[in-house]
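Please work through the exercises below with the sequence and the model at hand, trying each task before reading its solution.

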Amino acid sequence: MQFTPKLTNIETSIFSVMSALANKHNAINLSQGFPNFKSDQKLIDGVTKAMNSGYNQYAPMVGSLELREAISKKFELLYNSSYHPETEITITAGATQAIFTVISTFIKPEDEVIIFKPAYDSYQPSIKANGGTAIAIALEAPNYTINWDLVKQAITSKTKMIIINTPHNPSGTVLTKNDMLKLQELTQNTNIIVLSDEVYEHIIFDEEQHQSVCLFSDLKQRSFITASFGKTFHNTGWKVGYCCAPKALMEAFRNLHQFNVFSVHHPTQKALAEYLQEPNHYLELPKFYQEKRDAFLNLIKNSRFKFTPSKGTYFQVLDYSEITGMNDVEFARQLTTKNGIASIPLSVFYDNKLDHNVLRFCFAKTNDTLKQAANILNNI
């Protein structure tokens, strides 16, 4: 039997590799991006209530209307921007599914998609699986900023999409208003679609405002927003997210979504719809995670690691260049197997394995876990 798969020579995700290594060596796992504390009991009880109330069959293909209405109200509250709950919002099986569906809906062989590296590791394989070509532009270290002159040079007649991610995983940086205006200017009067990965929209620090594409009128008309309830409400295993876009774009998205996922876990949608009625459930998240960021950095301030405080997400990049000359993959493995703490090396996110001697650590952990982790890092 002979066959030709779409994706070949794909390495196992670094998140799976490092988590498996952490489990094997009983290391503190600050690698993969998930909290080690419970979601709000009110939300857990809401799912149970929905199941006991009979919401155990298929939800509508586009998602529960109550949840879509709650999302629409959230956009009005946070951004004074509107997405119609019936025609412009779709509930998805997590943000990664939404990202894959957006790419699959529009990208054909020979199309080009501009991405910024280091990048979330699903972007490039999704582009490749649909026959497209990822045009990678490296963010400029150490602040991981975008050189918009390089973006302008990279745009060709084959450019069909640009993918942005803010707040940014893995660097913890955020795009500024000026960045968004540059993107709007470069895509104006083109047929380029913007895919804006905004899964960490509620985890942004130091009183900064999240610069969503919906705040910029021309960008909004050409953009998809993908988001994640799992990242927001500490339940990544539930795999529920959503996607927003203008009606015409969303119609195209739904044409594919219905044959891919069709519908998402119904009782969870009912619980989330009720939970979102209290805005403080997401409005308090910046303070909650900033306290964790500050606590973690305060605990390691006397270590040999160097850092610039993360501006968003629940990740912190640490520079280890004053500790060793090892490459980041080798050092991350050593920290896991010998020191008992797992992290993520950033070089794996680059095609050319660009190594800035930095590692990414997740601080979405209990205070006890952060103290244990800091004790290890302070002794390296």
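**Exercise 1: residues with a positive phi**

Glu-110 lies in the loop between helix H4 (95-106) and strand S3, where helices (H or I, at least four residues) and strands (E, at least two) are DSSP runs, numbered from the N terminus. This is a predicted model, in which local features need pLDDT of at least 70 and side-chain atom pairs count only at pLDDT 80 or more, while totals for chains, interfaces and linings use all residues. Residues are numbered from 1 along each chain as its sequence is written, and side-chain values use heavy atoms, with hydrogens and water left out.

Task: state the phi of Glu-110, and decide whether Glu-110 is buried or exposed.

Solution. Begin with the backbone: Glu-110 is not a glycine, yet its phi is positive, at about 80°. As background, most residues other than glycine have a negative phi, and most peptide bonds are trans. Then turn to the surface, where buried means under 20% relative accessible area, exposed over 50%, and partly exposed in between (1.4 Å probe, protein chains only). Glu-110 counts as exposed because its relative accessibility is 57%.

Repeat the steps for Asn-189, which is found in the loop between H7 and strand S6 (193-197). Asn-189 is not a glycine either, and has a positive phi of about 60°; with a relative accessible area of 77%, Asn-189 is exposed. A further case is Asn-80, which follows helix H3 and has a positive phi near 50°.

**Exercise 2: cis peptide bonds**

Task: find which kind of peptide bond joins Lys-117 and Pro-118, and where Pro-118 is placed.

Solution. The bond between Lys-117 and Pro-118 is cis, with omega about 10°, and Pro-118 sits in the loop between strand S3 (112-117) and helix H5 (123-129).

**Exercise 3: a covered strand**

Task: determine how many residues of strand S9 (residues 315-319) are buried, and which strand S9 is joined to.

Solution. Count first: five of the five residues of S9 are buried, so that the strand is mostly covered. Next, sort the side chains by direction: Phe-315, Val-317 and Asp-319 point one way, whereas Gln-316 and Leu-318 point the other way. Finally, look for the partner, bearing in mind that two strands pair if DSSP finds at least two bridges between them. Five bridges join S9 to strand S12 (residues 358-362), and the two run antiparallel, with Phe-315 standing opposite Cys-362 in S12.

**Exercise 4: two crossing helices**

Task: describe how H4 and helix H10 (residues 247-260) cross.

Solution. Start from the axes, which are lines fitted to C-alpha atoms, for helices over the stretch in contact, with angles running from 0 to 180 degrees between N-to-C directions. The axes of H4 and H10 come within 9 Å and cross at roughly 110°. Angles under 35 degrees count as roughly parallel, over 145 as roughly antiparallel, 65 to 115 as roughly perpendicular and the rest as oblique, and H4 and H10 are therefore roughly perpendicular to each other. The residues that make the contact (heavy atoms within 4.5 Å) include Gln-97, Ala-98 and Thr-101 of H4, and Leu-249, Ala-252 and Phe-253 of H10.
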